[in-house]
Amino acid sequence: MARDTFYTAVDIGTDKVTSIMARVGTEGELKVLGTGVVTSQGMQKGRIENIDEVKEAVRTSLEEAQRYIGTGAPTGVYTSVTGTHLSSLNTKEVVDNPDDVGDITKKLLDRLLRGSFPDVGPNQEVLHVIPIGYHVDGMSGIRNPVGLHGNLVEVEAHVVMGDAVVLKNTVKVIEANKASVKSMVLHSLASAEATLSGDERELGVVLADIGGGTTDIVIYRQGQPWYSAVIPVGGSQLTRDLSVALKTPLYMTEEMKIKWGSVMPDMVAADEEVVIPSFQGQPKHSLSRRILCEPLHERMLELIKLIVLKVRQSGLREFPTAGIVLTGGGAEMTGLTELVQKTLGGQVRIAYPEGIAGLPAQLRKPAFSAAVGLLLWGIKHQGETRSSLNGGRSIMGSKSWRWGLGRKKAAAVR
Ligand SMILES: Nc1ncnc2c1ncn2[C@@H]1O[C@H](COP(=O)(O)OP(=O)(O)OP(=O)(O)O)[C@@H](O)[C@H]1O
Ligand SMILES: [Mg+2]
């Protein structure tokens, strides 16, 4: 199959909408052609609340990204999804290889994966079915059994599902902008593409993308996504807490959070004072910076505890060997590495998006990991277009499952 030449990512976040257009160069490298970053409107914790506002934000962002490309700009889009409507589970499915066949074929694996589709109701949509590993005649840990001789083949797969209506609204937003959805990708999986090294995935790692409205988690083990979850808390919660504590308006509080905030008040000099500017008739006044940092510390600590809870819910008793990787705008919070290190121990890393040489400086921030990751996902999974949303039976953005009609009930292993 011919490789796509153009890739477009649209990351619709709670805080910002990012569109990136890129093309594959002669050496196979990805070159960014245009970027559009606009303040998000109409989103609440990763969910579309006001569809007209979101359409408008996406329109502005896409227009900005297309500005230097002109008419005829490619319109197939990779977009991210998040929100607490998403759920995940791991499934196991077994198939008998007929005695007279012997060698395991791609066709047999396709049949096996089709069987891995969970039996979702009409309100649910399967987003991803990602094979974690295969067992052949009781031998485990096989990544690609094609060509092996075997009678009994089993696959374990990570399955992600979401609310069909919520997902359909994302499609509507993209299509309202004369574009089409090539694939919807779980936010955390998109971020992982741009941040996690091969070693981290192999050793086992927790990735947490701390966005504005949500924290998106994915755990990799033995190279594959093994658990995913969404926590409805992000950086905007820190801003709101600070705004309540200081009685300052949100726009002003956001600036103060970034300028003076730290989630490790102990690391701030005890005598350091900051000046809160005058607002709404209130005179300017000074405040201990440590006091300003207290509510940020409290909320971030709570978020770390929620991440730990998710790791426990995954079935792990402790953090995997490669520890935790933090990305998303919220990962830029001053003192975060130290606080996570102090609370959890183990390895902690703040990740910036990688994988595209010559990435514009504007995008070289943790907040853009998901948008950059969408492009990388696109390259890896190009040609695997989504099937239409048809009442919870289709599958998008996974390896090569386009038929989307798996109805067999799979056994949840968790
Ligand atoms: N330098 C910084 N220090 C502290 N916080 C920051 C910094 N830069 C951005 N943030 C915070 O990051 C959050 C936004 O992150 P991001 O841009 O990843 O969100 P989003 O992708 O729009 O939202 P979501 O993924 O939750 O839908 C905001 O709460 C913002 O205050
Ligand atoms: Mg985000």
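A residue is buried if 20 or more other C-beta atoms, placed from the backbone, lie within 10 Å of its own, exposed at 12 or fewer, and partly exposed in between. By that count, 7 of the 9 residues of strand β2 (residues 16-24) are buried, so β2 is largely enclosed by the rest of the structure. This is a predicted model, in which local features need pLDDT of at least 70 and side-chain atom pairs count only at pLDDT 80 or more, while totals for chains, interfaces and linings use all residues. Residues are numbered from 1 along each chain as its sequence is written, and chains are lettered from A and ligands numbered from 1 in the order in which they are written.

Helices (H or I, at least four residues) and strands (E, at least two) are DSSP runs, numbered from the N terminus. Two strands pair if DSSP finds at least two bridges between them.

- Strand β1 (residues 6-12) runs antiparallel to β2, and 7 bridges join them.
- The two form a hairpin with 3 residues between them, and threonine 8 stands opposite methionine 21 in β2.
- On pairing with strand β3 (residues 30-39), β2 is again antiparallel, over 9 bridges.
- Isoleucine 20 stands opposite threonine 35 in β3.
- The hairpin of β2 and β3 has 5 residues between the strands, and glycine 28 takes a positive phi near 90° there.

**The five-stranded sheet**

- An open sheet of 5 strands has the order β14-β13-β12-β17-β18, with mixed pairing.
- β14 (224-231) and β18 (348-350) are at the edges with a single partner strand each, so one side of each has no neighbour in the sheet.
- Strand β13 (residues 215-221) and β14 are antiparallel and joined by 7 bridges; threonine 215 has isoleucine 231 as its bridge partner in β14.

**Around ligand 1**

- There are 23 residues around ligand 1 (C-beta atom, placed from the backbone, within 6 Å), and Gly13, Asp15, Gly211, Gly235 and Gly329 come nearest.
- α6 (235-246) and α7 (250-260) each supply at least two residues of this shell, with the largest share, 3 residues, coming from α6.
- The shell divides into 3 nonpolar, 16 polar and 4 charged residues (Ala, Val, Leu, Ile, Met, Phe, Trp, Tyr, Cys and Pro count as nonpolar, Asp, Glu, Lys and Arg as charged, and the others, Gly among them, as polar).
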